[in-house]
Amino acid sequence: MNNLVLLSGTASDSHTWNLVYLQLLLEEEGYRVVNLGACVPPVLLADECEAEQPDLVVLSTVNGHGYQDGPRALAEVRGRPGLAAVPVVIGGKLGTGGPEPAQADALRAAGFTEVFDDDTAITRFREFIAAFVLASTADSVS
Amino acid sequence: MTGFADAVALAAAHGRLVVQPRMGMASPLEMRAGLLAVRGARATTVGTLTVDSYTRVGDHRAALEALHDGARLNGYPIVSHHPDTTRAVLDGLSGFPVQVRHGSADPRAIFAALAEAGLDATEGGPVSYCLPYSRKPLRDSVGHWSEACEEFSGHLETFGGCMMGQLCPPSLLVALSVLEAIFFRFHGVESVSLSYAQQTNADQDAEAIHALRTLAARFLSDVDWHVVVYAYMGVFPRTPSGARLLNDNAARLAVRAGAERLIVKTVAEAHRIPTVAENVAALENAAAAASSVSFVSSCEDNGVLAEATALVEAVLELPGDPGTALLAAFRRGLLDVPYCLHPDNAGHARSHIDDTGRLRWSSVGAMPIPRSAVDRSGTTTSSTHLLAALHRVAHQHDARTHRGDES
């Protein structure tokens, strides 16, 4: 466990404020962050994951293509050596018409560890990374 | 001049602000209906055809697949649709100017597609559509934009005054807008507009727009130009009344500072992509707000013009053509966009909002901006501070309308 988070936008999303903010938030929680920035194609994301072997992968996207882009990114990551089980979460504005619970469930079914796509996203994400740190600490103690 | 620029000039001559939506639908029928609705709005409008995100990044295969699968796209895939389809979208709209908006660091295919469909106006820039939005090296973007401009004969707007959407101090926005327009002109574009996005303080914004006009008059005297203001591009108020107040303030800012055109936002901005009806309402409200004020020739002077002039001159003094100079300027950090994650941005500059609501430099990196312009009081950047700065305008406008104060 080296507390490394790989933070990334999705292939078609150009927004970066979400990534700037999440980097600060994660660093304040004690993580090291590799921030890949905007418009990260699945192959580049998987290459970087393979090189960095992060403890957690965070995809953040707000352009409304997340329900489509998320599974493509995840499939590429999961296919790489050592990355079959790395926790991958996704959040932001994932659809063009607001949160869609059925689509969020589809993302979980596709293998995302957690999906943060509604009004409670940031609160739940903070809780998630806090609990994640605790769980990792417990792991390293045992 | 072009059809688009002619329409803006005509409106300006009659003292009317041109208002324009953001709008793009995958379906040709919906796109056409949207343009017709904008044309029919009770306002002096021009239309917008925004491409989808796949087209923006050049993934035309993904755009085609989405069209075939009936998946939702967030814009009109102008490269993937047949030119005849796009001409049908525009059929009978002759005389109604439409601008293609795209966000691409490699706009060559998009420029070709819009020209083939008979359109004459688009926007962007080698810096403003690369650094914040793309992974492409800036060098590649400059090359692609040079080629695209050389082949282009219409009206081109710089997006340089909108960098990052929020928290970029006005002097850098003004400088980038002017520098991109100089780049366009060097590559043969004869009709340009210069953008500026509404930021956090109306007086500071008015000063910035005056500075933009002063520098445009100085550096672009041999081409047709006008100024376009963007309603706030950061986190938007969540309440309909807060959103409307912010949009109305943008319209008033545009008129008071002498801009000719305004890109509006809608009450849906904080929540989702707006409907056509929400866009029409935003256009009509903005036009009403614009008609309630008039041009004010004076403004405060807190150094925006001096800073922007220093930035523009420092870049133009570098050897080579404007594209080469822009590349060198970013390499040396003479231009440095706060919070921009792109590898070709130096990343030493930081900004914050001061107690009066004005955007200030926390640090200027290697930019030729006097140290006296740096406000050391706001140098902490925690996630909480950043989030507060990003949401400040939204909260302010939501709170103000809750109190029923429409000032």
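**View 1. Strand β6 of chain B and its side chains.** B:Ser191, B:Ser193, B:Ser195 and B:Ala197 point one way from β6(B), while B:Val192, B:Leu194 and B:Tyr196 point the other way, and all are buried. A residue is buried if 20 or more other C-beta atoms lie within 10 Å of its own, exposed if 12 or fewer, and partly exposed in between, with C-beta atoms placed from the backbone. In a regular strand, side chains alternate between the two faces of the sheet. Because 7 of the 7 residues of β6(B) are buried, the strand is largely enclosed by the rest of the structure. Helices (H or I, at least four residues) and strands (E, at least two) are DSSP runs, numbered from the N terminus.

The model is predicted: local features need pLDDT of at least 70, side-chain atom pairs count only at pLDDT 80 or more, and totals for chains, interfaces and linings use all residues. Residues are numbered from 1 along each chain as its sequence is written, and chains are lettered from A and ligands numbered from 1 in the order in which they are written.

**View 2. The open sheet of chain B.** This sheet has 8 strands in the order β1-β8-β7-β6-β5-β4-β3-β2, with parallel pairing; two strands pair if DSSP finds at least two bridges between them. At the edges are β1 (18-20) and β2 (47-50) of chain B, each pairing on one side only. Neighbouring strands are turned by 25° against each other on average, direction ignored. Axes are lines fitted to C-alpha atoms, for helices over the stretch in contact, and angles run from 0 to 180 degrees between N-to-C directions.

View 3. Strands β4 (residues 121-124) and β5 (residues 155-158) of chain B pair in the parallel sense over 4 bridges, and B:Ala121 stands opposite B:His155. B:His155 also stands opposite B:Ser191 in β6(B), where β5(B) and β6(B) pair in the parallel sense over 4 bridges. On to the next strand, β6(B) and β7(B) pair in the parallel sense over 7 bridges. There, the bridge partner of B:Ser191 in β7(B) is B:Asp224.

**View 4. Helical crossovers at β6 of chain B.** β5(B), α8(B) and β6(B) make a right-handed β-α-β unit. A crossover is right-handed if, with the strands pointing away from the viewer, the path from the first strand over the helix to the second runs clockwise. Helix α8(B) lies across β5, β6 (191-197) and β7 (224-230) of chain B, and runs at about 165° to β6(B).

**View 5. The largest nonpolar core.** This core has 174 residues, and those with the most contacts inside it are B:Val174, B:Val178, B:Leu212, B:Val229, B:Ala254 and B:Leu262. A nonpolar core is a set of buried Ala, Val, Leu, Ile, Met, Phe, Trp, Tyr and Cys residues joined through C-beta atoms within 7 Å. Helix α8 (residues 170-186) of chain B gives the most to this core, with 11 residues. Leaving aside neighbours within four places in sequence, B:Leu262 is in contact with residues including B:Leu17, B:Val19, B:Val229, B:Ala254 and B:Ala286. Two residues are in contact if their C-beta atoms, placed from the backbone, lie within 7 Å.

**View 6. B:Val315 in helix α12 of chain B.** B:Val315 is found in helix α12 (residues 304-316) and is buried, with 23 other C-beta atoms within 10 Å. B:Val315 and B:Leu179 are 136 residues apart in sequence and 8.2 Å apart in space, C-alpha to C-alpha. Not counting residues up to four places away in sequence, B:Val315 touches B:Leu179, B:Ala325, B:Leu326, B:Ala329, B:Leu334 and B:Leu335.

**View 7. The open sheet of chain A.** The 5 strands of this sheet have the order β2-β1-β3-β4-β5, with parallel pairing. β2 and β5 (114-116) of chain A stand at the edges with a single partner strand each, so one side of each is left without a neighbour in the sheet. The twist averages 20° from one strand to the next. Strand β4 (residues 88-92) of chain A runs parallel to β5(A) and is joined to it by 3 bridges; the bridge partner of A:Val89 in β5(A) is A:Glu114.

**View 8. Two loop residues of chain A with positive phi.** A:Cys39, in the loop between β2 (32-35) and α2 (42-52) of chain A, has phi near 50°. With 24 C-beta neighbours inside 10 Å, A:Cys39 counts as buried. A:Gln53, in the loop between α2 and β3 (56-61) of chain A, has phi near 45° and counts as partly exposed, with 13 C-beta neighbours inside 10 Å.
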